[in-house]
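I began with secondary structure and worked towards local packing.

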Amino acid sequence: MWRVPRQLCAHLLRGSKLSDAWNRPAAFMSTLLINQAQYAWLKELGLREENEGVYNGSWGGRGEVITTYCPANNEPIARVRQASVADYEETVKKAREAWRIWAEVPAPKRGEVVRQIGDALREKIQVLGSLVSLEMGKILVEGVGEVQEYVDICDYAVGLSRMIGGPILPSERPGHALIEQWNPVGLVGIITAFNFPVAVYGWNNAIAMICGNVCLWKGAPTTSLISVAVTKIIAKVLEDNKLPGAICSLTCGGADIGTAMAKDERVNLLSFTGSTQVGKQVALMVQERFGRSLLELGGNNAIIANVLYGPLHTKQSVSMFLGAVEEAKKEGGTVVYGGKVMDRPGNYVEPTIVTGLAHDASIAHTETFAPILYVFKFKSEEEVFAWNNEVKQGLSSSIFTKDLGRIFRWLGPKGSDCGIVNVNIPTSGAEIGGAFGGEKHTGGGRESGSDAWKQYMRRSTCTINYSKDLPLAQGIKFQ
């Protein structure tokens, strides 16, 4: 998820001077979708032909310029100046300075700011959802739904802002009190993937903020316009509350910025959403500095065939789809429906159903990120439960049954080993009231849910002696 996309996905404009990189002929500028009348609504989000991709209280950027494309027709939308490593360094410093102010704000007051962010998103929900559809490729209702998810988590976080706290525990020593004290970790780095360019940031941002943390966001390069548009909405709320904009900083960028975040000891918690392969690299870099990470990695939830869906995100995704279809055939599978690229503009492929594969076929255990459904026949409940659990990914799973015993066996210790275990509903989507995340190669991270705030805080066990004696624990006495 960190790699700067190939020219198939995003065109890099290199130049030593800002004016050289952005000063293009009028003919080129007119080809951008943002300059076409039907896409004039993009400017309601504060977007322009050229957009700065760094925000730390002010907008800037001295890195490469990328052009993002609409996957429905592969036409250029607009351009974004990415962050340089120097921009990153400056932004981290400003974010940490902003934390000194934000951490002093009472939690319920922080919740009020998050509530205002949710309201600001509500006002832009249709236009921002349209941008998600345009730049990412989701159908419009899903794009709007993704923004709604950010709105919902803001509402949820407002309530949590008045509930954060640790217990007072009974002490074994007379005249003593034990208290669990929770404090913000400091700077939370958030790296998101192209497939959920708004919601995943929202899950992390809203709860991290009410905990007293500041956030530094790096979205996927191919959805940079979404990152800029969302940050503009948040920045306005912070400005209206006379708070430092660096509380919610942005550094659009590629592998260099992602690697810097993973290795930076000043990033107290790094939340990464992306592939399992890159997640392993992230985990190692963060662990090497004894840092904290929250990983939401690959899933592999084949359960229903899509009949209403948008284009794949990039041409590279189309190539991966075709490669998966061919590999399925090599491993003995039969394509009973679909399997082809649609003859139309954009990155559209046919929904595909494959039968005849062995349950342990390597392609069936690979996350292709495409509308391919592998169908298997099983003989017993124990057999199919085992097949579900033999997959290395462990994000989401579902069973369809009216057998009450089977339902609870599916939910029990010998049932599904995924982080999300459903009954009589598909594996797509999740409510913000429950923890979202998976086991095994999905990384083990959890976002949202009733105790999600604990991940964004550090816990101290505090012993207070209000007696006149100094007794030791466990009744130890030095004679």
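Entry 1. I counted secondary structure elements in this predicted model and found 13 helices and 21 strands. I then checked the radius of gyration, which is 24 Å; the globule rule gives 23 Å for 479 residues, so the protein is as compact as a globular protein of that length.

Entry 2. I looked up the extent along the principal axes. The C-alpha atoms fill a box of roughly 85 × 65 × 40 Å.

Entry 3. I turned to burial and surface. Of the 479 residues, 50% count as buried, that is, they have under 20% relative accessible area. The accessible surface comes to about 22,300 Å², and carbon and sulfur atoms contribute 54% of that surface.

Entry 4. Residues 24 or more positions apart account for 72% of them.

Entry 5. I selected helix H12, which spans residues 381-390. Which residues of H12 are buried? I noted Glu381, Phe385 and Trp387. These three cover an arc of only 155° around the axis, which puts them on the same side of H12.

Entry 6. I asked what the buried residues of H12 pack against. Their partners are strand S18, residues 396-399, and helix H13, residues 404-411.

Methods
Residues are numbered from 1 along each chain as its sequence is written. This is a predicted model: local features need pLDDT of at least 70, side-chain atom pairs count only at pLDDT 80 or more; totals for chains, interfaces and linings use all residues. Side-chain values use heavy atoms; hydrogens and water are left out. Helices (H or I, at least four residues) and strands (E, at least two) are DSSP runs, numbered from the N terminus. The radius of gyration is taken over C-alpha atoms; the globule rule is 2.2 Å times the number of residues to the power 0.38. Buried means under 20% relative accessible area, exposed over 50%, partly exposed in between (1.4 Å probe, protein chains only). Contact means heavy atoms within 4.5 Å. Accessible areas come from the Shrake-Rupley method with a 1.4 Å probe; for residues, only the protein chains shown count as cover. The arc is that of the directions from the helix axis to the C-beta atoms.
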